[in-house]
Amino acid sequence: MVYLVTGGSGFIGSHLTEQLLKNGHSVINIDSFDDFYDYKIKIKNTLESVGQSTDFEFTGKNTDILKLVSSTESDRYILYHQDIRDKSGLENIFSRHPIDMVIHLAALAGVRPSIERPLEYEEVNIRGTMNLWELCREFGIKNFICASSSSVYGNNEKIPFAETDPVDHPISPYAATKKCGEVLGHVYHQLYGINMIQLRFFTVYGPRQRPDLAIHKFTRLISEGMEIPFYGDGTTARDYTYIDDIIDGILKSVRYLETHSGIYEILNLGESQVITLSEMLSAIEDTLGKKARKKRLPMQPGDVQKTNADISKAKALIGYKPDTDFQNGIKKFVEWFLRK
């Protein structure tokens with residue numbers, strides 16, 4: 001099978017690419033290498049995902065990306081440095097390859113930055129995604145998996161969060177773009193018969209996690225003896241989901257789409273285990289054997305109080321079964337962090 005993976009050089013995308021290649025499939029990776037975080041991290045992610053050495057001599061962003069593109073082309077893998085907002089650039093890619101399924105992970109991520117740059121988030125997360133659907137329509141590609149987010153639930157009062165809960169009150173532009181993607185996705189399913197699964201990811205962590213996310217940031221700052229930004233009183237809570245479980249959920253969604261028709265589904269992919277901010281910090285401290293220096297700060301606009309996934313639908317529909325408990329997941333992450 002030939003899978004087009006957007007954001008295939010990012011955290012989740014590089015792990016997915018690695019597993020698809022191991023399973024004998026072909027991958028077309030589209031990534032813009034934007035400036036949300038250091039592009040060198042994405043280059044290392046890419047090299048790891050295709051089994052190449054990460055001993056890469058950096059010279060400059062554009063030069064490095066061009067070198068990477070040429071060095072990672074093979075019979076079963078090709079990388080395109082491409083912005084999904086550029087429909088003509090995407091069309092050139094679609095016209096050159098027989099694509100069986102699109103797995104769309106690329107997005108501008110982050111709740112707080114979306115409040116500062118809402119128009120850019122709309123351009124990438126809504127218009128960019130619509131470009132992909134339009135090309136699927138034009139080229140007759142009928143299977144599409146899309147990354148949504150637990151942020152669509154906002155401050156949902158019902159615990160745990162189920163796919164049938166109302167999600168009409170997002171509290172950040174990022175969350176609103178993800179909700180919009182779900183709604184527009186249904187339009188393309190209804191009008192053009194594109195089979196689709198929208199996956200609501202719940203706070204994914206593990207090796208290669210983005211450096212701006214709390215677990216990675218806290219681990220780095222504690223290791224360096226620096227203060228960590230500690231928002232609120234420590235009672236905010238998240239359903240942290242280990243990367244291996246997320247990849248398992250994506251692959252099971254792929255298999256479900258390939259063996260069924262007339263599909264439009266929204267699925268929660270979480271661990272169904274809620275961890276408070278204080279508990280998360282304690283787990284990192286215990287694993288590192290080092291105490292954190294806290295810089296206490298007020299809750300930030302757009303932050304939700306709690307996330308908790310009801311994963312019963314994903315279990316029943318695709319056989320999703322997360323099996324990495326938080327303590328073990330943190331241990332694996334810290335081990336990766338200390339040797340990277």
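When I say that two residues touch or are in contact, I mean that they have heavy atoms within 4.5 Å of each other. Okay, with that settled, let's look at the chain. This is a predicted model, where local features need pLDDT of at least 70, side-chain atom pairs count only at pLDDT 80 or more, and totals for chains, interfaces and linings use all residues. Residues are numbered from 1 along each chain as its sequence is written, and side-chain values use heavy atoms, with hydrogens and water left out.

I'll begin with the annotation. An unreviewed UniProt entry labels residues 4-332 "domain: NAD(P)-binding"; bear in mind that such annotations may be inferred rather than shown by experiment, that the feature names are shortened, and that positions are given in the numbering used here. Over residues 4-332, the chain is 44% helix and 18% strand. Helices (H or I, at least four residues) and strands (E, at least two) are DSSP runs, numbered from the N terminus.

Now the sheet. How many strands form it, and in what order? There are seven, and the open sheet reads β3-β2-β1-β4-β5-β6-β11, with parallel pairing. At the edges sit β3 (77-81) and β11 (264-269), each pairing on one side only. From one strand to the next, the twist averages 15°. For pairing, DSSP has to find at least two bridges between two strands.

Let's walk through the middle. Strand β1, residues 2-6, pairs with β2, residues 26-31, over five bridges, and there threonine 6 stands opposite isoleucine 30. With β4, strand β1 has four bridges, again parallel; here leucine 4 faces valine 102. Then β4 is joined to β5 by three bridges, and histidine 104 has cysteine 146 as its bridge partner.

Buried means under 20% relative accessible area, exposed over 50%, and partly exposed in between, using a 1.4 Å probe and protein chains only.

That brings us to the cores. A nonpolar core is a set of buried Ala, Val, Leu, Ile, Met, Phe, Trp, Tyr and Cys residues joined through side-chain atoms within 4.5 Å. The largest one has 70 residues, and Ile12, Ile103, Phe201 and Ile250 touch the most other members. Helix α9, residues 243-258, gives the most to this core, with eight residues. Phenylalanine 201 has contacts including Ile12, Leu105, Ile246, Ile250 and Leu269, leaving aside neighbours within four places in sequence. A second, separate core has 28 residues, among them Ile28, Val102, Ile194 and Ile266.

Is asparagine 45 buried or exposed? Asparagine 45, in helix α2 (residues 39-49), counts as buried because its relative accessibility is 3%. Beyond four places in sequence, asparagine 45 touches Ser9, Gly10, Phe11, Ser14, Tyr37 and Arg208. A polar atom of the asparagine 45 side chain lies 3.2 Å from the backbone oxygen of serine 9.

Aspartate 323 is in the loop between α11 (312-318) and α12 (326-339). At 64% relative accessibility, aspartate 323 counts as exposed. Not counting residues up to four places away in sequence, aspartate 323 touches Asp245 and Glu271. Aspartate 244 is 79 residues away along the chain, yet the two C-alpha atoms, of aspartate 323 and aspartate 244, are separated by 9.0 Å.

Methods: Axes fitted to C-alpha atoms, helices over the stretch in contact; angles between N-to-C directions. Polar contact = N/O pair within 3.5 Å; in protein donor to acceptor, adjacent residues only side chain to side chain.
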